[in-house]
Amino acid sequence: MKQRFVFRFPTDTIGIPVSWHLIIDYGLKINIFNAYINAGEEGNLALEVEGPKSAIGAGIQFVRSKGVLAEPIEKHVQIGMKRCVHCGACTAVCYPGALRLHGETRLLQFNVDQCTVCELCTTACPLKLIKISFVE
Amino acid sequence: MSKTVEEINRKIRTGKAVVLTAEEFKKLGNYESAASLAAKVDVVTTATFGPMCSSGAFINFGHASPGIRMEKILLNGVPAYGGIAAVDAYIGATETAHPADVYGGAHVIEDLVSGREVRLQASGKGTDCYPATEADVTLSLNDVNEAYLFNPRNAYQNYGAATNSENEKKYTYMGVLLPKFGNINYSTSGELSPLLNDPWLRFTGIGTRIFLCGATGYVAWSGTQCHLNRHRNARGIPLHPAATLAVTGNLKEMSPEFIRAAYFEKYGVSLFVGIGIPYPVLDADAAHDLLIRNRDIETEVHDYGKADHPWLATVNYEQLLSGEIELYGKKTRTAPLSSISKARQIAELLKKNISEGNFTLTEKIQDLPGSDSLNGLSTKKGARQ
């Protein structure tokens, strides 16, 4: 199975090679979409993890045991659908196709499983209804 | 056999008019001829809901005691034009206090329409007849005298699509354009769009009654840059941005459902405006024009990566709405800025209003006084000396 997460690194956890452990110790395939890691600062890493469900569970438990926060991607993306006018401007910049207009209804649809939290949609939405935050 | 607008209005008043949205009408066109449809259908409703920068509102604030000649005016910190009578102002949709602000005139208008209070700060030099020099109050739409939208250019009859050949993203009024032809953005509601259903402006002119942002509005004049002599395809559709409308309507009757402030990143503030126009199906010619489909509407793709936006390709709306177009051998994502779902909502609402006898059709008072050409602006020093 595949699951997408955002890892948040408190400043004292930046030195832990989390990705390496997930690959070597838990046999997981990882795909990094978005990363901000700088010594002395809080960092974040958005990634997709692929492997057996049990291995993903164990791997995420390991990450958390090291003080790194690991949350599913959807916890970090907020779309103000109540105010959305379904213009489609956000779909223009969504490389992975997570934001699409339905072929018939022309209403906006968001598929979090395809989101890479690239944040391009946050600038493209003319009503500023999309928020992506790596800080809880 | 042809009908008159008055005959159709009589049917509307007695609840007997057959009213369809443009999409419903076009579907029937798959099975029936234009002549047959003209005999059966009386009115077809069209609509659009998109960002239209050339918009704004006139407001009369009423006189204070002692009075003030308002010479500098701010609404929620956004400058409004006060160079008209003492307590009249025009708040332009794209106006902001500072160039990079994300809150502007459109947001002030949306706040007012939504019933929210707005801070008015005004100053004047003080005159014998208007001695006060300052005013600082909060007010709502209920507190002012007149407040009416007057949009100098809305409802473009066709508009070009935009892409970007450069290596960097471009932030434009056509949305964010990704590098190296990463997307193509377009902005009309295609076969639902009002003026594309009346390509020769047979029914749209000065005095045409319309749906404007939830209120009943009117076409006041041709819009700015109204070009009536564009090249047309075999179906009569202009291939370039052509006719435009100046429209007006009572801000106090509008709904925040159909008027929304927008901010385009690194470009500025704009206003989503909802417009619906009903067309009388007087005869087979009118029905023929109303049967245009997305495949009949062609538009040009321009490269906004280059300063003069050169032509790259001509495409049709069926292709644009499909979600991708092949450009230079590569599949390119297409995306709208104009909301089809909102346009459908407006077309349905207008249909309901007409069917219930609450909205009758008008005959235009005069053709739009547009132009057969467009002047550019030469910015070369001394060019006009």
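Visitor: What should I know before I start reading?

Guide: The model is predicted, so local features need pLDDT of at least 70 and side-chain atom pairs count only at pLDDT 80 or more, while totals for chains, interfaces and linings use all residues. Residues are numbered from 1 along each chain as its sequence is written, and chains are lettered from A and ligands numbered from 1 in the order in which they are written.

Visitor: How many helices and strands does chain A have?

Guide: Helices (H or I, at least four residues) and strands (E, at least two) are DSSP runs, numbered from the N terminus. Chain A has three helices and eight strands, and from the N terminus on they follow the order β-α-β-β-α-β-β-β-β-α-β. The C-alpha trace of chain A spans about 45 × 35 × 20 Å along its principal axes.

Visitor: Into which domains is chain A divided?

Guide: Domain bounds come from an automatic or database domain assignment. Here they give domain 1 (2-74) and domain 2 (76-132) of chain A, with C-alpha centres 25 Å apart. Eight residues from domain 1 of chain A and eight residues from domain 2 of chain A take part in the contact; two residues are in contact if their C-beta atoms, placed from the backbone, lie within 7 Å. On the domain 1 side, strand E1 (2-9) and strand E2 (29-36) of chain A are the elements that give two or more residues.

Visitor: What classes of residue make up that domain 1 side?

Guide: Ala, Val, Leu, Ile, Met, Phe, Trp, Tyr, Cys and Pro count as nonpolar, Asp, Glu, Lys and Arg as charged, and the others, Gly among them, as polar. By that scheme, the side of domain 1 of chain A that touches domain 2 of chain A has four nonpolar, one polar and three charged residues.

Visitor: Which residues have the most contacts inside the largest nonpolar core?

Guide: In soluble globular proteins, nonpolar side chains tend to be buried together. A residue is buried if 20 or more other C-beta atoms lie within 10 Å of its own, exposed if 12 or fewer, and partly exposed in between, with C-beta atoms placed from the backbone. A nonpolar core is a set of buried Ala, Val, Leu, Ile, Met, Phe, Trp, Tyr and Cys residues joined through C-beta atoms within 7 Å. The largest one has 146 residues, and B:Ile109 and B:Leu271 have the most contacts inside it. Leaving aside neighbours within four places in sequence, the contacts of B:Leu271 include B:Pro51, B:Met52, B:Ala93 and B:Ile109.

Visitor: Which strands pair with strand E18 of chain B?

Guide: Strands of a sheet pair through backbone hydrogen bonds, either parallel or antiparallel. Two strands are taken to pair if DSSP finds at least two bridges between them. Strand E18 (residues 268-280) of chain B is mostly covered, with 13 of its 13 residues buried. Strand E2 (residues 43-51) of chain B runs antiparallel to E18(B), joined by nine bridges, and B:Gly50 has B:Val273 as its bridge partner. Strand E14 (residues 209-212) of chain B is joined to E18(B) by two bridges, also running antiparallel, with B:Phe211 opposite B:Gly276. Strand E17 (residues 259-264) of chain B pairs with E18(B) in the antiparallel sense over six bridges. E17(B) and E18(B) form a hairpin with three residues between them, and B:Lys266 in the turn has a positive phi of about 60°.

Visitor: Where does helix H4 of chain B lie?

Guide: Start with the open sheet of four strands, in the order E5-E4-E7-E8 (chain B), where the pairing is antiparallel. Its edge strands are E5 (78-80) and E8 (134-139) of chain B, each pairing on one side only, and the twist averages 25° from one strand to the next. Axes are lines fitted to C-alpha atoms, for helices over the stretch in contact, and angles run from 0 to 180 degrees between N-to-C directions. Helix H4 (residues 105-113) of chain B lies across strand E4 (72-75), E5 and E7 of chain B, at about 125° to E7(B).

Visitor: Which element gives the largest share of the chain B side that touches chain A?

Guide: The contact takes 22 residues from chain B and 17 residues from chain A. E17(B) gives the largest share of the chain B side, four residues. By class, that side has twelve nonpolar, six polar and four charged residues.
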